[in-house]
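I am opening a notebook on this structure. The entries below follow the order in which I looked things up.

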Amino acid sequence: MELFLDTANLEQLRQGVKWGISGVTTNPTLVAAEGTRDYKSLVKTICGIVPGKVSAEVTVEGVAAMVAQARDIAAWHENVVVKVPCTPDGFEVTSQLSRDNIRVNMTLCFSAAQALLAALCGAYFISPFIGRLDDIGQNGLDLLAEIINVYNEGSVKTRVLAASIRHPIHVIQAASLGAHFATIPYKVLEQLTRHPLTDAGNARFLADWRKTSGS
Ligand code: E4P
C-alpha cells in the first residue's frame, strides 16, 4: 500500500516525501487552511515536490461547470487527478471525463454502492472516508473491506484510496484489508515514525556506547 499525504502544506509535504510519501490529496478545506486563493499555483508547486499523483478537487456545482473546471484542473500538471464528489452529478461528470482519459478521484464515498458506480463510471481512485463514518458511530473499516471485496469480485481497475484516516491503526488495517493507497494527515505520518520503545532502546544503546568508547 502506498501512502499519500492529506494536506496542502508545503513544509509537511517536503518532510513527508523524505519519509516515503508518494502522492497528495488536497480538498477545498485543506487549501483554505493554507490561506491561499491561488489553487492552481499551489497544486503546481506541490507537483514539483511529490513524485506521484496529486488530487485537486472541483469547487463548482452542475455537470457542465464541473466538467469544464475538471478539464482545466487536469491540464495543470500530468500528475494531477481531479477530485469529484460521489453525487448524481459527480458520477455523470466522471463518466464524461474518463471517456477522455482524464483521471478522476471520486471523493466523499460512504457506501459500497457508490464505490461500485464510481468504478462503472471509470474512476481512477475511489476514496472511502473511514474516519467520518467512525465519527457517526459506524465502522469505516467495514466499508473499506466491503468495497475491496466488491472490486475484487468484479476485477475492477479503480484503485482504492482509504481516506479520512484518523490514526495509525486505520493505516495498518487499511493495508491489511488490501487498500492500494491511504491518504493520511501529517500528524498520523509523524505517529508512524515513532515508538516509545524505539526511543528508549536507542537512548540506551547510545548511552552504553558512550560508556564503552569513553566519548
Ligand atoms: C481525502 O481525500 C480527504 O481530503 C480527507 O481524507 C478528508 O479527511 P477528514 O475527514 O479528516 O477531513
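How many nonpolar, polar and charged residues does the lining of the largest pocket have? I count five nonpolar, six polar and four charged residues there. Ala, Val, Leu, Ile, Met, Phe, Trp, Tyr, Cys and Pro count as nonpolar, Asp, Glu, Lys and Arg as charged, and the others, Gly among them, as polar.

I noted that this is a predicted model, where local features need pLDDT of at least 70 and side-chain atom pairs count only at pLDDT 80 or more, while totals for chains, interfaces and linings use all residues. Residues are numbered from 1 along each chain as its sequence is written, and side-chain values use heavy atoms, with hydrogens and water left out.

Next I looked up the volume of the largest pocket, which is about 170 Å³. Of the 15 residues lining this pocket, D6, N27, F129, R132 and S164 are the closest to its centre.

I then turned to the ligand. The residues around the ligand (a heavy atom within 4 Å) are D6, T25, N27, K83, F129, R132, A163, S164, R166 and T183. By class, this shell divides into two nonpolar, four polar and four charged residues.

I looked up polar contacts last (pairs of N or O atoms within 3.5 Å). A polar side-chain atom of K83 is 2.6 Å from a ligand oxygen atom. For R132, the distance from a polar side-chain atom to an oxygen atom of the ligand is 2.7 Å. The side chain of R166 has an N or O atom 2.8 Å from an oxygen atom of the ligand.

How values were computed: Polar contact = N/O pair within 3.5 Å; in protein donor to acceptor, adjacent residues only side chain to side chain. 1 Å grid on protein atoms, 1.4 Å probe; cavity = no way out; pocket = protein on both sides within 12 Å on 5 of 7 lines; lining within 4 Å. Points joined across faces, edges and corners; volume = space filled by probe spheres on them.
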